[in-house]
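Please keep the sequence and the 3D view open as you go.

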Amino acid sequence: MTAQRGQDEYDEVEKEFVFRGDGEQGVKSVKIKQLQVREREENEAQIDEEAGHNDDVPAITPVESHEHTTPRSNESTSFRSFVKVFIETFTITFLAEWGDKSQAATVFMAAAENVMGVMSGGVLGHAICTGCAVLGGKFISHHVTVRSVTVISGAVFLGFSILTVVIYNNSS
């Protein structure tokens, strides 16, 4: 997936989120304002590029808090993007794995075996598993859109719920 296609997919999903909001006008207006600011910044960047402005000069972008404007270099923006993704990924993974069966098994193994061996094996195993998931997701993103993944996953979960109801009613 190219960077532009990925950004287009993200913008499409974000616009759907804005208009399917839970009725809070403030949330909708903030999201719409963010989209408008992003589009304006993209247009200004394209105009600057066509005008031949020097890329060595850091870009100046408005601060959302309406205090004052501060210069931001591409490296700073890139680092902030990395930190944001890192924090989101860490939080999701940490919360999803906390109290999981594999964590309980690791605790019991650590009680009976070498702690450093269990810790190293657990970290390496989780890293390989997560790495495969990330690379697989990257590969699939070239061939499948976010929308189709959403529709397919919704259909699968609906199928599981129907199957659960049928099995539960037949066993009682």
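## Briefing

Of the protein's 172 residues, 5% count as buried, where buried means under 20% relative accessible area, exposed over 50% and partly exposed in between (1.4 Å probe, protein chains only). This is a predicted model, in which local features need pLDDT of at least 70, side-chain atom pairs count only at pLDDT 80 or more, and totals for chains, interfaces and linings use all residues. Residues are numbered from 1 along each chain as its sequence is written, and side-chain values use heavy atoms, with hydrogens and water left out.

**Overall layout**

- The protein has six helices and two strands; helices (H or I, at least four residues) and strands (E, at least two) are DSSP runs, numbered from the N terminus.
- Starting at the N terminus, the order of elements is α-α-β-β-α-α-α-α.
- Among contacts with a separation of 6 or more, 40% join residues 24 or more positions apart, a contact being heavy atoms within 4.5 Å.

**Aromatic rings**

- The whole structure holds four aromatic pairs; rings of Phe, Tyr and Trp (its six-membered ring) pair if their centres lie within 6.5 Å, and planes under 30 degrees apart count as stacked, over 60 as edge-to-face and the rest as tilted.
- Phenylalanine 86 and phenylalanine 90 make a stacked pair, at 6.4 Å centre to centre with 15° between the planes.
- Both of these residues, phenylalanine 86 and phenylalanine 90, sit in helix α3, four residues apart, or about one turn of the helix.
- Phenylalanine 90 and phenylalanine 94 are also stacked, because their ring centres are 5.8 Å apart and their planes are at 20°.
- Phenylalanine 90 and phenylalanine 94 are four residues apart in helix α3, so about one helical turn separates them.
- Phenylalanine 86 is partly exposed at 49% relative accessibility, and phenylalanine 94 is partly exposed at 41%.
- Ring pairs join Phe82, Phe86, Phe90, Phe94 and Trp98 into a cluster.

**Second largest pocket**

- The second largest pocket contains about 670 Å³ of space.
- For the search, a pocket is an open set of points on a 1 Å grid over the protein atoms alone where a 1.4 Å probe fits, with protein on both sides within 12 Å along at least five of seven lines; lining residues have an atom within 4 Å of a point.
- Its lining has 19 residues, of which Thr93, Glu97, Gly122, Val123 and His126 lie nearest the centre of the pocket.
- Two or more lining residues come from each of α3 (74–97), α4 (101–112) and α5 (115–141), and α5 gives the most, with eight residues.
- By class, nine lining residues are nonpolar, nine polar and one charged.
- Ala, Val, Leu, Ile, Met, Phe, Trp, Tyr, Cys and Pro count as nonpolar, Asp, Glu, Lys and Arg as charged, and the others, Gly among them, as polar.

**Cysteines**

- The disulfide count is zero, a disulfide being a pair of cysteine sulfur atoms within 2.5 Å.
- Cysteine 129 is exposed, with a relative accessible area of 53%, and cysteine 132 is exposed at 54%.

How values were computed: Points joined across faces, edges and corners; volume = space filled by probe spheres on them.
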